[in-house]
Amino acid sequence: YIPRIYSTYRDINGDVNKDWGSYPGVGLAYNYKVERTSSNTWSLYFNDLNTPDVTVWLGWDDADRIFSGGEVPNGSQGMGDSDNNNVQYLDPTGTTWFNACNTNLFNEDPSRYFVDAGSNCSSWRVYGNN
């Protein structure tokens, strides 16, 4: 199995769409950015934070959730550690970046994978099904 970058989004009408991206290497670090690039339109960046991998019209200008995770096929090896380090969000005026501190870590299926606090208040670790 080859790891791939996967993103999903829901537009203002409730339609859910998905997109497959680049093929990351195992054990390497990457940079991700999700940014509102114009009114109601968002872009996903992977590694090259100046060139989006995908840009979509969603119909809304505010994002209220940060999510990360992983999937593995049934009966296969579990997902290795995925560290989300120093997560930040940009204020609505587009001028100041804030750390994602004081957010709640939520795990929708603790029997299959784990979500742990990371090295600081704006970091977390996802792993499991091993």
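Student: Hi! How many helices and strands does the secondary structure of the protein come to?

Tutor: There are 0 helices and 10 strands. Going along the sequence, the pattern is β-β-β-β-β-β-β-β-β-β. Keep in mind that this is a predicted model.

Student: Got it. What share of the residues counts as buried?

Tutor: Of the 130 residues, 22% are buried. The protein exposes about 9,600 Å², and carbon and sulfur atoms account for 47% of that area.

Student: And which residues make up the largest nonpolar core?

Tutor: That core has 5 residues, namely W42, L44, V54, V56 and L58. Strands β4 and β5 (54–57) each contribute at least two of its residues. As a general point, nonpolar side chains in soluble globular proteins tend to be buried together.

Student: Let me follow up on L58. What does L58 touch, leaving out residues up to four places away in sequence?

Tutor: L58 touches Y9, R10, D11, I12, N40 and W42.

Student: Is D11 buried or exposed?

Tutor: D11 is buried, since its relative accessible area is 12% and the cut-off for buried is under 20%. Setting aside neighbours within four places in sequence, D11 has contacts with N17, W57, L58 and W60.

Student: How about contacts across the whole protein: what percentage join residues at least 24 apart, among those between residues at least 6 apart in sequence?

Tutor: That figure is 30%.

Student: Changing topic to cysteines. How many disulfides does the count come to?

Tutor: The count is 1 disulfide. The partners are C101 and C121, and their sulfur atoms are 1.7 Å apart.

Student: Is that disulfide right-handed or left-handed?

Tutor: It is right-handed, because the torsion about the S-S bond of C101 and C121 is about 50 degrees.

Student: And what does the pair tie together?

Tutor: C101 is in the loop between β8 (97–99) and β9 (113–117), while C121 is in the loop between β9 and β10 (124–128). The pair therefore ties together parts that are 20 residues apart in sequence.

Student: Nice. Now aromatics: how many aromatic pairs are there?

Tutor: There are 4 aromatic pairs. One of them is Y32 with F46, whose ring centres are 5.3 Å apart and whose planes are at 50 degrees, so this pair is tilted.

Student: Which strands do those two lie in?

Tutor: Y32 is in strand β3 (residues 32–38) and F46 is in strand β4 (residues 41–46), so the pair ties together parts 14 residues apart in sequence. Y32 is partly exposed at 47% relative accessible area, whereas F46 is buried at 9% relative accessibility.

Student: Which residues do ring pairs link into a cluster?

Tutor: Y30, Y32 and F46 are linked into a cluster by ring pairs.

Student: Last one! Where does the charged end of R125 sit, and what does K33 lie over?

Tutor: The charged end of R125 is over the ring of Y127, 3.9 Å from the ring's centre. K33 lies over the face of Y45, at 4.6 Å from the ring centre.

Terms used:
Residues numbered from 1 in each chain as written. Predicted model: local features only at pLDDT ≥ 70, side-chain atom pairs only at ≥ 80, totals over all residues. Heavy atoms only, no water. Disulfide = S-S within 2.5 Å. Helix = DSSP H or I, 4+ residues; strand = E, 2+ residues; numbered from the N terminus. Phe/Tyr/Trp six-rings, centres within 6.5 Å; stacked < 30°, edge-to-face > 60°. Buried < 20%, exposed > 50% of the residue type's maximum accessible area, 1.4 Å probe, protein only. Lys NZ or Arg CZ within 6 Å of the ring centre and 35° of its normal. Core = buried A, V, L, I, M, F, W, Y, C linked by side-chain atoms within 4.5 Å. Contact = heavy atoms within 4.5 Å. Areas by Shrake-Rupley, 256 points an atom, 1.4 Å probe, with all protein chains shown as cover.
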